[in-house]
Amino acid sequence: MSSLPVSAVGPTFWWGGAVSDPNPHALLGQAFLEVQFYPDSVVNTCSSDGGYNVTYAPGKFTVCSPVWQVSTQSGAEDAAFNAELYDGTSKSPLVMSAGDTVRIHFHLGSAGQGWNVTVTDVTTGHSGTIVLNSKYGPLLPLYSTQQIGNALGWGLVDDTPNAFVWEIGHTSNFSTPAGQLCYPGQTDCDSYNTASWLGITPLKILSVTFANGSAPSEWAVTSDLGGTAEVSSYCPAYGGPYCTYPWYAANSAYSAITFGADYPGTKFDYQQGSQFPATMQCGGPYGPGSTYCDTVLKPSPLS
């Protein structure tokens with residue numbers, strides 16, 4: 001049993017992807033999709049500005065799908081699209097429960113449609129689909145191949161076009177203050193506290209399958225905060241309560257990749273928070289040394 005609500009360590013985790021953006025004022029003609037899962041939450045609304053409103057529901061998970069663009073007119077990052085994930089053809093949210101197995105399928109739909117995102121709760125058999133059609137037209141995958149370097153042009157990481165991210169560095173949506181930025185060393189910032197991660201049942205990434213039926217040949221991780229370097233810039237020393245950075249690990253008990261801490265069954269933890277590059281050593285659209293690099297995990301966690 002979990003001793004903490006999952007929402008304590010961060011208000012959302014998401015699967016995302018770089019998409020083309022037909023808005024003529026979108027920087028580089030690109031945007032970024034986040035299929036955001038909200039722990040301990042039932043969605044009331046997904047707003048056009050990319051925000052969301054939720055009601056506390058322990059052990060429940062629901063979804064909004066904001067797509068973020070940068071305006072060449074204002075320079076601001078704003079929402080190109082946002083939609084709620086409904087249960088089938090209803091107008092009720094698809095509500096998933098702690099412990100459920102969930103499949104996320106990114107695929108092309110009918111001609112003229114944007115990228116389709118189908119979320120299936122394998123445990124209950126319920127599912128829903130979001131179609132990424134903005135007011136300017138369809139939002140489509142920016143790259144056809146999942147490889148390092150096929151990254152969002154205006155992003156800070158030299159990564160792959162699709163990725164999983166846990167939105168750390170925020171307080172819970174149900175704490176006081178709610179959903180606020182927080183930093184290592186703050187005792188209300190459970191994102192940076194290993195004991196807090198160990199107090200939840202871990203999310204488990206079980207597998208990935210590409211369109212041709214193949215599986216990944218390697219796995220990589222990156223962060224636009226710098227891992228241990230970020231924590232060390234706030235805390236007197238790395239380690240100890242509220243002064244660690246959560247990490248990816250290979251877990252043999254679950255046959256899965258976990259995120260957060262060394263849960264029972266951890267086989268490899270890849271130097272924990274040090275698995276994330278601390279400096280912007282990779283080139284990108286803004287020149288050499290402008291983006292954080294990936295770290296390829298060896299040995300591969302799901303080999």
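**Figure 1. Strands β4 and β5 make a hairpin in this predicted model.** Strand β4 (residues 67-70) and strand β5 (residues 77-81) run antiparallel, joined by 4 bridges. Here's one spot to look for: V67 stands opposite F81 in β5. Between the two strands of the hairpin there are 6 residues, and G75 in the turn has a positive phi of about 80°. Which residues of β4 are buried on each side? On one side they are V67 and Q69, and on the other W68 and V70, so both faces of this strand are covered. If you're wondering about that two-sided pattern, side chains in a regular strand alternate between the two faces of the sheet.

**Figure 2. Strand β4 also pairs with β2.** These two strands run antiparallel as well, joined by 2 bridges. Find F32 and you'll see W68 of β4 standing opposite. As for what holds paired strands together, the strands of a sheet pair through backbone hydrogen bonds.

**Figure 3. W14 and F32 form an edge-to-face pair of rings.** A pair of aromatic rings is described by the distance of the centres and the angle of the planes. For W14 and F32, the centres are 5.6 Å apart and the planes sit at 70°, so this one counts as edge-to-face. Buried means under 20% relative accessible area. W14 is buried because its value is 7%, and F32 is buried too, at 11%.

**Figure 4. Y192 and Y245 form a tilted pair.** Their rings lie 6.1 Å apart, centre to centre, with 50° between the planes. This pair links distant parts of the chain, 53 residues apart. Y192 sits in the loop between β13 (162-166) and α1 (194-198), while Y245 is in the loop between α2 and β16. Are these two tyrosines buried or exposed? Y192 is buried, with a relative accessible area of 1%, and Y245 is buried at 4%.

**Figure 5. Y192 and Y245 belong to an aromatic cluster.** Other members of the cluster include F13, F37, F61, F164, W166, W197 and F276. Now compare its place with that of C293: the C-alpha atoms of W15 and C293 are separated by 19 Å, and the two residues are 278 apart along the chain.

**Figure 6. Four strands build an open sheet.** What is the order of the strands? Reading across, you get β14-β17-β16-β18, with antiparallel pairing. The edge strands are β14 (204-205) and β18 (266-268), and each of them pairs on one side only. Further in, β16 and strand β17 (residues 256-259) pair over 4 bridges. Here A250 stands opposite I257 in β17.

**Figure 7. A lysine reaches over a tyrosine ring.** The charged end of K204 sits over the ring of Y254, 4.7 Å from its centre.

Figure 8. Y270 is buried at 12% relative accessibility, whereas Q272 is partly exposed at 29%. In sequence G273 and V231 are 42 residues apart, but in space their C-alpha atoms are 9.3 Å apart.

**Figure 9. Two peptide bonds are cis.** One joins T176 and P177, with omega about 0°. P177 lies in the loop between β13 and α1. The other runs from K298 to P299, with omega near -5°. P299 is found in the segment after β21 (295-296).

**Figure 10. L181, Y183 and Y234 make a nonpolar surface patch.** The patch is about 320 Å². Y234 comes from the loop between α2 (228-232) and β16 (248-251), and this residue is partly exposed, with a relative accessible area of 45%.

Methods. Residues are numbered from 1 along each chain as its sequence is written. Side-chain values use heavy atoms; hydrogens and water are left out. Patches are made of residues with over 30% relative accessible area and no salt bridge: like charges are joined within 9 Å, nonpolar side chains (Val, Leu, Ile, Met, Phe, Trp, Tyr) within 5 Å. Accessible areas come from the Shrake-Rupley method with a 1.4 Å probe; for residues, only the protein chains shown count as cover. A salt bridge is a side-chain nitrogen of Lys or Arg within 4 Å of a carboxyl oxygen of Asp or Glu. Buried means under 20% relative accessible area, exposed over 50%, partly exposed in between (1.4 Å probe, protein chains only). Two strands pair if DSSP finds at least two bridges between them. Rings of Phe, Tyr and Trp (its six-membered ring) pair if their centres lie within 6.5 Å; planes under 30 degrees apart count as stacked, over 60 as edge-to-face and the rest as tilted. A charge sits over a ring if NZ of Lys or CZ of Arg is within 6 Å of the ring centre and within 35 degrees of the ring normal.
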